[in-house]
Amino acid sequence: MSNELAKAARQETLAALRAKALAAHRQDKLDEAKELYRRYLATEPGDALVWSNLGALLRKEGAHILARAAQRRAYELSPELEAVRANLANILADLGDAGEALELRQTVSADRPDHAETKAMIGKSLRSLGRYDDAVAYLGKAWADHPDYPELGIQLAMSQLAAGDYATGFRNFDVRWQTNELTPRNMTKPKWDGSLLDGKRILVMPEQGYGDGIAFARFLPTLQRFNPAKVMMLTEKPVARLFDGVAGADWVGPQMPEPDDYDVWTNIMDLPPLHFDVEPAVPAPTVLSVPEDSQARARAVTRPFEDRFRVGVVWTGSLTYRGNRYRSFSHTEFHSLVDLPALQLFSLYKGPETKLLHADGTANLIMDVGSLDRDFADCAAMMQRMDLVITSDTATAHLAGSLGVPVWVLLHWDPFWMWGHEGVTTPWYPSMHLIRQNAPRDWANVFVRVRSKLAELIERWGGMNAT
């Protein structure tokens, strides 16, 4: 075979391997695609698009450092390719380099000024940098230019909420139902249009996560301005007992009422703008119910540790939430605290990562109480027996804040809009103290500060108890 024929055969084989890898990737066969990409790039390392695809695959698997390296390789080879710049921007944004991500996205937008998705990501980058006013101005214009692209509306709403424009931000957040993130309601009764109820019965529906229900139940009383005959609140079973007798609701339960039991319905996150339209101040947190049987259980569990400073800890939220890997950290970060004198740590976490707490022996020093909880009411009772709660940004932060117990919330570099990008307090929860990463992904420095603050707190506690 001539050299030309051999070269042609080789190229044909490589092209087939490339096509097979791309097909496996499109079919979400990630392990197969990853191996095929490896084989292809071992022979053809100059293919920028394949490096970029590999980076996108690794990002999806959560291998962010490897993903960034693959995207850097792609960008070195072909910086002019739009897809390469966009994929590099995505992984940089994930890893906290919002500045470079913004610059890359702006170059993509300059080449494709009508690309709505890129504009949404530019707005998100501006918000991640704490440039709320710039984000609002940019996204407002972009959404006006692309009114049928709901992600622009979501990013605008989040930026307005972060900036403290709650009435407008919550109202714009209604666009969430136009995305693929939430399943639209299939209700037999009409959705409330915001007019006077004049004796009608209204059902308030839950949405988002458990923490959102706890955070936004505080807005139930605002419905009284509309003269309802009855306010009913459907809630999820794990938080149902917390809402027993909650202000603003005449009925609370985890079972969907029959259609004849109510006249109209609304979502719990449709209520905030009704409050902020007439009152700019954030209302006090929801007053929750903690049943006596839960309190008795918590007293029994903590009784052997009455002479120690008791701290409840949580390190992760729901593993199915796509942003969980950024807001959460390993339970081993708490190892830096376990040798503090007079301290007893309690794990308030309930979920699949509990097994890790036991597997490495941590549960011998951080007492596992969360895995025995029946629901959030049990967790609430345990929190009330703590001197302090230290948690990642998850539902337990909202629970502790609503209970008024002292709580330190450890925040990653691009936190939830409710916490903003600076400051140590929030108007949403008076008992809450915010501790932020100084640099993206740097939890070690956060825990250096946590240990120092906790040591001081325990020393003061010891001095007060001694007297």
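**Chatting through strand 5**

Mentor: Of the 467 residues of the protein, 51% count as buried. Keep in mind that this is a predicted model.

Trainee: Okay! How many helices and strands does the protein have?

Mentor: There are 19 helices and ten strands.

Trainee: And what box do the C-alpha atoms fill?

Mentor: Roughly 90 × 60 × 40 Å, taken along the principal axes.

Trainee: Let's look at strand 5. Why is strand 5 largely enclosed by the rest of the structure?

Mentor: Strand 5 covers residues 309–314, and six of its six residues are buried, so the rest of the structure largely encloses it.

Trainee: Which residues sit on each side of strand 5?

Mentor: Phe309, Val311 and Val313 are on one side, with Arg310, Gly312 and Val314 on the other. Each of these is buried, so both faces are covered. In a regular strand, side chains alternate between the two faces of the sheet.

Trainee: Nice. Which way does strand 5 pair with strand 6, parallel or antiparallel?

Mentor: Parallel, over five bridges, with strand 6 being residues 343–347. Gly312 stands opposite Phe346 there.

Trainee: How many bridges link strand 5 and strand 8?

Mentor: Four, again in the parallel sense, and strand 8 is residues 388–392. Val314 has Thr391 of strand 8 as its bridge partner.

Trainee: Switching to charge: how many positive and negative side chains are there?

Mentor: The protein has 52 positive and 60 negative ones, and the centres of the two sets lie 3 Å apart.

Trainee: Last one, what does the accessible surface come to?

Mentor: About 21,700 Å², with 52% of that belonging to carbon and sulfur atoms.

Notes: Residues numbered from 1 in each chain as written. Predicted model: local features only at pLDDT ≥ 70, side-chain atom pairs only at ≥ 80, totals over all residues. Heavy atoms only, no water. Helix = DSSP H or I, 4+ residues; strand = E, 2+ residues; numbered from the N terminus. Buried < 20%, exposed > 50% of the residue type's maximum accessible area, 1.4 Å probe, protein only. Areas by Shrake-Rupley, 256 points an atom, 1.4 Å probe, with all protein chains shown as cover. Lys, Arg positive; Asp, Glu negative; His and termini not counted. Charge placed at Lys NZ, Arg CZ, Asp CG, Glu CD. Pairing = 2+ DSSP bridges.
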